Amino acid sequence: MARAVVTVPAQAKRGEIVEIKTLAAHAMETGFRRTQLGELVPRDIIRRFTCTYNGVEVYRVDLHPAVAANPLIAFTTTATETGTLSFQWVGDNGYSVTEIAAIRVE
Amino acid sequence: MTARAARLILALAAARLFVEPAAAGEIPSSERRSGYEFMSRETRAMQDDDTGNPGTLWMLDGEALWKRKAGTADRACSDCHGDARESMKAVAARYPAFDPALRRPVNLEQRINACRVGRQKAPGLAYESKDLLALTAYVARQSRGLPINITIDARTRPFLEAGREAFFRRQGQLNLACAQCHDDHWSGKLAGSPITQAHPTGYPLYRLEWQGLGSLERRLRGCLTGVRAESYPYGAPELVNLELYLMWRANGMRMETPAVRP
Amino acid sequence: MTTRREFLVLAAASLAAPTAAKAQLDPNLAAKRKAAYEEALGKVVGGARVRAGRVKLLLPPLIDNGNSVPLSVAVESPMTAADHVKAIHVLTQRNPLPDVVSVHLGPRAGRAGISTRVRLADTQTVVAIAELSDGTFWSDSAEVVVTLSACLEEGLI
């Protein structure tokens with residue numbers, strides 16, 4: 001099942017700044033909503049998003065309940081070398097999703 | 001009756017709040033606009049970009065479900081229908097469509113479930129379940145950009161008329177008819193939000209208010225609750241008749257599934 | 001029509017309805033949230049001075065729905081090893097919680113920024129703070145008008 005969508009250019013020139021767009025499937029339950037009976041729906045969010053480039057962390061985001069459902073995170077990174085970009089989302093209740101994308105750098 | 005009361009009633013009648021809306025109040029085709037045009041630039045951008053449109057997540061799920069074998073018949077949608085990009089092209093644009101076995105129109109969700117139960121011999125998918133929304137979104141996505149194409153014949157005309165009658169009928173504690181807002185007062189505002197013409201061009205769609213993807217029936221039930229009427233259950237013939245009328249009323253407009261709306 | 005018995009049962013149930021209902025009606029809510037924002041801001045910058053500038057916070061001034069508001073931050077910086085943005089923090093003044101996102105980055109990012117979608121619970125000021133490698137803090141703020149709030153309304157229908 002699609003848990004995340006990642007858009008990365010397949011190739012880039014060395015030193016070029018590339019745009020990365022990520023979209024994760026997650027309700028991002030704030031912990032402020034109530035059921036019809038008035039009971040609080042417990043918080044259940046993605047807490048951290050990390051991007052590593054050939055194993056080196058290049059971008060990290062700490063998320064709070066104010067991030068919208070199905071969070072979009074778009075950012076840039078410098079194309080330094082051919083390899084693998086790895087994206088990881090970690091959150092409450094053991095939530096953990098990893099997506100990878102290959103990038104060819106000449 | 002005092003002169004003042006008479007003037008007040010005349011003013012209200014002029015405002016057409018106490019006058020039964022005429023069928024001729026329908027929007028002329030040159031003035032028809034999708035809900036897309038009532039949104040902010042940013043929300044439109046969210047719809048236009050597949051890589052950022054949350055509906056894409058459901059659509060990808062639908063693509064996976066399309067290929068997955070199910071039921072005691074151990075059959076996938078693709079086993080009969082092949083590549084959805086070919087076989088499902090323009091299909092959603094002509095739903096609700098007449099089902100000869102049931103002798104009435106059915107919507108796309110009901111058509112998908114009929115296949116699941118009848119051909120795949122699998123249990124039907126619950127209305128508004130993740131799987132049914134995903135499959136419906138995937139099938140409807142294959143109509144994106146194509147004009148809505150509802151044809152009415154002797155079999156479907158009575159259901160269209162039932163839907164039209166419901167659209168013009170005052171209901172609920174607020175005693176409002178759909179037409180009063182969506183034919184007569186579109187481009188006005190309700191509690192700060194624009195009133196659209198209510199064309200179902202993008203269903204199932206990602207609604208920011210729901211923070212998720214939902215069907216046209218979910219939206220209709222929300223509207224009925226909004227005028228403080230008793231809402232029909234999912235799949236009710238009254239809802240499908242209204243869907244048929246709304247799609248027919250939007251004939252020729254382009255499908256946008258999966259749309260984004262506030 | 002509600003019978004007398006049904007009315008009494010409903011009344012009793014609503015009395016038992018909890019303190020959180022009272023929290024929604026707290027007359028000091030705005031002040032408490034402002035204080036929470038100040039505290040969160042303190043955690044981010046310590047005692048350091050925050051200067052306006054270098055940061056560009058983009059939000060639509062009038063938004064369709066507070067549940068999902070597109071937000072982007074861009075910080076002017078050469079993004080070299082010697083001079084780059086270490087972190088970007090986004091805070092709100094009237095949400096139930098002040099923190100929104102914290103970005104941790106370095107020279108490899110190429111450009112310092114983030115684009116995302118956030119929830120806003122009220123018409124308010126949103127603040128973005130950038131922490132530079134030289135230890136200085138820079139900020140930008142934006143006013144947003146919210147008619148359909150996040151966090152406070154059910155949005156089930």
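**View 1. Strand β7 of chain C pairs with β4 of chain C.** Strand β4 (residues 69–75) of chain C and β7(C) run antiparallel, joined by 7 bridges. Strands here are DSSP runs of E of at least two residues, and helices are runs of H or I of at least four, numbered from the N terminus. Two strands pair if DSSP finds at least two bridges between them. Within β7(C), I114(C) is the bridge partner of V73(C). β7(C) is mostly covered, with 6 of its 7 residues buried. Buried means that 20 or more other C-beta atoms lie within 10 Å of the residue's own; exposed means 12 or fewer, and partly exposed is in between, with C-beta atoms placed from the backbone. This is a predicted model: local features need pLDDT of at least 70, side-chain atom pairs count only at pLDDT 80 or more, and totals for chains, interfaces and linings use all residues. Residues are numbered from 1 along each chain as its sequence is written, while chains are lettered from A and ligands numbered from 1 in the order in which they are written.

**View 2. β7(C) also pairs with a strand of chain A.** Strand β6 (residues 72–78) of chain A is joined to β7(C) by 2 bridges, and the two run antiparallel. I73(A) has T116(C) as its bridge partner. A74(A) has S115(C). Strands of a sheet pair through backbone hydrogen bonds, either parallel or antiparallel.

**View 3. The side of chain C that touches chain A.** Here 28 residues of chain C are in contact with 25 residues of chain A. Contact means that two C-beta atoms, placed from the backbone, lie within 7 Å. On the chain C side, β6 (99–105) and β7 (112–118) each supply at least two residues. β6(C) gives the most, with 7 residues. By class, this side of chain C has 12 nonpolar, 10 polar and 6 charged residues. Ala, Val, Leu, Ile, Met, Phe, Trp, Tyr, Cys and Pro count as nonpolar, Asp, Glu, Lys and Arg as charged, and the others, Gly among them, as polar.

**View 4. E131(C), a buried residue in a strand.** E131(C) lies in strand β8 (residues 124–132) of chain C. Why is E131(C) buried? It has 22 other C-beta atoms within 10 Å. Leaving aside neighbours within four places in sequence, E131(C) is in contact with K86(C), A87(C) and F137(C). V44(C) is 87 residues away along the chain, yet the C-alpha atoms of E131(C) and V44(C) are separated by 8.8 Å.

**View 5. Chain B as a whole.** Chain B holds 11 helices and 7 strands. Its radius of gyration is 20 Å, close to the 18 Å that the globule rule gives for 262 residues, so chain B is as compact as a globular protein of that length. The radius is taken over C-alpha atoms, and the rule is 2.2 Å times the number of residues to the power 0.38. Along the principal axes, the C-alpha atoms fill a box of roughly 75 × 45 × 30 Å. Of the 262 residues, 39% count as buried. Among contacts between residues at least 6 apart in sequence, 74% join residues at least 24 apart.

**View 6. The two domains of chain B.** The domain assignment gives domain 1 (26–39 + 151–261) and domain 2 (55–141). Such bounds come from an automatic or database domain assignment. The C-alpha centres of the two domains lie 22 Å apart. In contact are 22 residues of domain 1 and 20 residues of domain 2. On the domain 1 side, β5, β6 and α11 of chain B are the elements that give two or more residues. α11(B) gives the most, with 5 residues. This side of domain 1 has 14 nonpolar, 5 polar and 3 charged residues.

**View 7. Helix α11 of chain B.** α11(B) covers residues 237–249. At 1.5 Å a residue, its 13 residues should span 18 Å, and the end C-alpha atoms are 18 Å apart, which agrees. The expected span is 1.5 Å times one less than the number of residues. 10 of the 13 residues are buried, so α11(B) is largely enclosed by the rest of the structure. Among the buried residues are L239(B), E243(B), Y245(B) and R249(B). Their cover includes β2 (104–106), α8 (157–168) and α10 (216–226) of chain B.

**View 8. A three-stranded sheet in chain B.** This open sheet of 3 strands has the order β6-β5-β7 (chain B), with mixed pairing. Its edge strands are β6 (212–214) and β7 (260–261) of chain B, each pairing on one side only. Strand β5 (residues 205–207) of chain B pairs with β7(B) in the parallel sense over 2 bridges. R207(B) stands opposite R261(B) in β7(B).
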